[in-house]
Amino acid sequence: MPLVGFGLWKVDNDTCADTVYNAIKVGYRLFDGACDYGNEVEVGQGVARAIKDGLVKREELFLVSKLWNSFHDADKVKPIAKKQLADLGIDYFDLYIIHFPVALKYVDPSVRYPPSWTDENDKITFSKTPLSETYKAMEELVDEGLAKSIGISNYNGALMLDLLRYARITPATLQIEHHPYLTQEGLVNLCKENNIHVTAYSSFGPASFVELKMQRAHDTPLLFDNETVKKIADKHNKSPGQVLLRWATQRGVAVIPKSNNKDRLAQNLDVCSFDLEKDEIEAISGLNRGLRFNDPVNYGLNIPIFA
């Protein structure tokens, strides 16, 4: 699994195929998507074009997608995985992840797709399916060759410890919100102790959420403008974004930034060619506020999974 990938959240449908194609051309091999992003068909088009043009072979790519909350019921996991594979135009996921540790009422894709946090009546309705049953169904995807590996996202330490008690197949990765305002060091260490890779999303902190008009993000200083980050960036002749990504990758945490800018695409990929000093890593880690943005509660949803 590459240490640097390309995140597909909020990539517009109109430009998605070209964005994926150009990212492959620049050198990206890991692409992190999900069915609720609503762009898997276009992602697949970009991948198919790149393969057809000889830029890459399928086996050289690492394609990631996620199981949405409304498909947690055990008998719904394989059908939706197959639909996602068909949308992407591929035969298997390199990694398939449980998106959030909460089961919601099943809504048939013919009624609503991409899926959302609410049911067909626009209400939040929970399913009674426990995470252990969902994970068992995920393991069966590996058995059947539909996924080469499986993982989880947005789990806390207690859920991780519980998972390790019942998992037949150890998750390949835990994907979490991870940036200098939310370092989650205990959780990262727990994963390392159990040989589970950690992937960071929203590596730039509030920047990913300002465009969503989230008040918490608007009220938080951008990490790009932080004096500590800027000073370190100037010293290494790198951008603040590259420093933030290197802070993660140098500590063994994978990153999945996105950009539509070709120059920034290359910059984000080039975050392992320099090293930060130990005191620089500590200074950036010292910005931690325990500040989480990607919480359903912050979107006005009464689903307090991080309470």
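Predicted model: local features only at pLDDT ≥ 70, side-chain atom pairs only at ≥ 80, totals over all residues.
**Exercise 1. Aromatic pairs**

State how many aromatic pairs a search of the whole structure finds, and describe two of them.

*Solution.* The search finds 11 aromatic pairs. A pair of aromatic rings is described by the distance of the centres and the angle of the planes.

- Step 1. F6 and F31 form a tilted pair, with 5.9 Å centre to centre and 45 degrees between the planes. The pair links distant parts of the chain, as F6 lies in strand β1 (residues 6-7) and F31 in strand β2 (residues 30-32), 25 residues apart. Both F6 and F31 are buried. Ring pairs also link F6 and F31 with Y28 into a cluster.
- Step 2. F204 and F224 form a tilted pair, with 5.0 Å centre to centre and 55 degrees between the planes. F204 is in the loop between β7 (197-201) and α7 (207-210), and F224 is in the loop between α8 (215-218) and α9 (227-236), 20 residues apart.
- Step 3. F204 has a relative accessible area of 16%, and buried means under 20%, so F204 is buried. F224, at 28% relative accessibility, counts as partly exposed.

**Exercise 2. Charges over rings**

Identify the ring over which the charged end of K83 sits, and the ring over which that of R251 sits.

*Solution.* The charged end of K83 sits over the ring of Y113, 4.5 Å from its centre. For R251, the ring is that of W247, and the charged end is 4.2 Å from its centre.

**Exercise 3. The surroundings of L287**

Decide whether L287 is buried or exposed, and list its contacts beyond four places in sequence.

*Solution.* L287 is located in the segment after α12 (278-285). Its relative accessibility is 16%, so L287 counts as buried. Leaving aside neighbours within four places in sequence, L287 is in contact with P180, Y181, L223, N226 and V229. Of these, N226 is 61 residues from L287 along the chain, and their C-alpha atoms are separated by 9.4 Å.

Notes: Residues numbered from 1 in each chain as written. Heavy atoms only, no water. Helix = DSSP H or I, 4+ residues; strand = E, 2+ residues; numbered from the N terminus. Buried < 20%, exposed > 50% of the residue type's maximum accessible area, 1.4 Å probe, protein only. Contact = heavy atoms within 4.5 Å. Phe/Tyr/Trp six-rings, centres within 6.5 Å; stacked < 30°, edge-to-face > 60°. Lys NZ or Arg CZ within 6 Å of the ring centre and 35° of its normal.
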